[in-house]
Amino acid sequence: MSPSFFQQDLSPSSASESSEDVLLRGLKEKESWAYQQLIDRWANKIYRLAFHFLRKKEDAEEIVQEVLQKVVEKIGTFQGQSSVYTWIYRIAVNQALMRLRTMKGKQFVSWEEFAPHFENGIRVQTTADWSTKPEAFFAQKELQAFLKQCVDELPEDLKTAYLLKDMEGLSEEEVCETLELSKPAMKNRVHRARLILRERLERKYVR
């Protein structure tokens with residue numbers, strides 16, 4: 001019977017390893033405790049991310065199974081050029097996007113339709129004043145549902161960056177590593193996603 005995670009070799013060399021290194025080593029050595037660690041650490045994170053993309057419990061659960069299986073199958077090819085953390089996120093994003101693309105009738109909005117307009121370098125539209133809205137307004141179920149719809153309809157590249165940065169709370173460096181983007185490109189996508197969401201909410205509730 002394989003020892004538990006806490007019963008692993010604690011020799012100086014292994015004790016100096018990070019928990020990520022220990023997990024990586026365990027997975028490569030096909031240790032049962034490492035598989036359990038993988039599930040414990042990642043199943044909920046993958047489910048949450050997949051649900052943001054797919055909005056269906058059954059689809060998100062299937063993505064969890066697919067991602068964990070891929071991690072186990074591909075762990076031998078992991079070269080350590082990124083962290084295990086962002087590598088697993090990248091697999092999860094790719095699996096969710098592949099599933100999303102198979103969904104018929106999925107609607108996306110045009111970025112240009114909601115882009116701010118400038119003339120001679122000056123923004124033509126004024127920014128709506130949300131401060132007049134009472135705090136209870138922002139907790140409305142209708143508002144929350146519309147915001148989810150707007151996120152769902154974001155262009156795929158903007159939505160992915162927005163979900164990882166603003167919904168999953170990854171750092172800028174982690175988002176860049178996961179999506180293999182430069183920092184300016186990543187920040188541009190997140191910024192455009194936020195502008196679209198703000199514009200859509202303003203058109204519906206403020207103007």
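Reader: Why is Arg55 called partly exposed?

Author: In this predicted model, Arg55 has a relative accessible area of 23%. Buried means under 20% and exposed means over 50%, so with 23% Arg55 falls in between and is called partly exposed.

Reader: What makes Asp152 and Arg55 a salt bridge?

Author: Their side chains meet with N and O 2.9 Å apart. The rule asks for a nitrogen of Lys or Arg within 4 Å of a carboxyl oxygen of Asp or Glu, so this Asp and Arg pair at 2.9 Å qualifies. The pair links distant parts of the chain: Asp152 is in helix α6, and Arg55 is in the loop between α3 and α4, 97 residues apart.

Reader: Is Asp152 buried or exposed?

Author: Asp152 has a relative accessible area of 13%. The cut-off for buried is under 20%, therefore Asp152 is buried.

Reader: How do you know that Arg48 and Glu168 form a salt bridge?

Author: Their closest N and O atoms are 3.0 Å apart. The limit is 4 Å, so the pair counts as a salt bridge. Arg48 sits in helix α3 and Glu168 in the loop between α7 and α8, 120 residues apart.

Reader: Which labels do Arg48 and Glu168 get for accessibility?

Author: Arg48 is partly exposed, because its 36% lies between 20% and 50%. Glu168 is buried, because its 10% is under 20%.

Reader: What makes Glu62 and Arg99 a salt bridge?

Author: The N to O distance between their side chains is 3.0 Å, and the limit is 4 Å, so the pair meets the rule. Glu62 is in helix α4 and Arg99 in helix α5, 37 residues apart. Arg99 is buried because its 15% is under 20%, whereas Glu62, at 40%, is partly exposed.

Reader: Which residues are linked with Glu62 and Arg99 in a network of salt bridges?

Author: Asp59 and Glu66 belong to that network together with Glu62 and Arg99.

Reader: How many salt bridges does the rule give?

Author: The count comes to 15.

Reader: Why is the pair of Glu153 and Arg200 called a polar contact?

Author: Their side chains are joined at 2.7 Å. A polar contact needs N or O atoms within 3.5 Å, so 2.7 Å is inside that limit. Glu153 lies in the loop between α6 and α7. At 16% relative accessibility Glu153 is buried, because the cut-off is under 20%.

Technical notes:
Residues are numbered from 1 along each chain as its sequence is written. This is a predicted model: local features need pLDDT of at least 70, side-chain atom pairs count only at pLDDT 80 or more; totals for chains, interfaces and linings use all residues. Side-chain values use heavy atoms; hydrogens and water are left out. Helices (H or I, at least four residues) and strands (E, at least two) are DSSP runs, numbered from the N terminus. Buried means under 20% relative accessible area, exposed over 50%, partly exposed in between (1.4 Å probe, protein chains only). A polar contact is a pair of N or O atoms within 3.5 Å; within protein, one must be able to donate a hydrogen and the other to accept it, and residues adjacent in sequence count only if both atoms are side-chain atoms.
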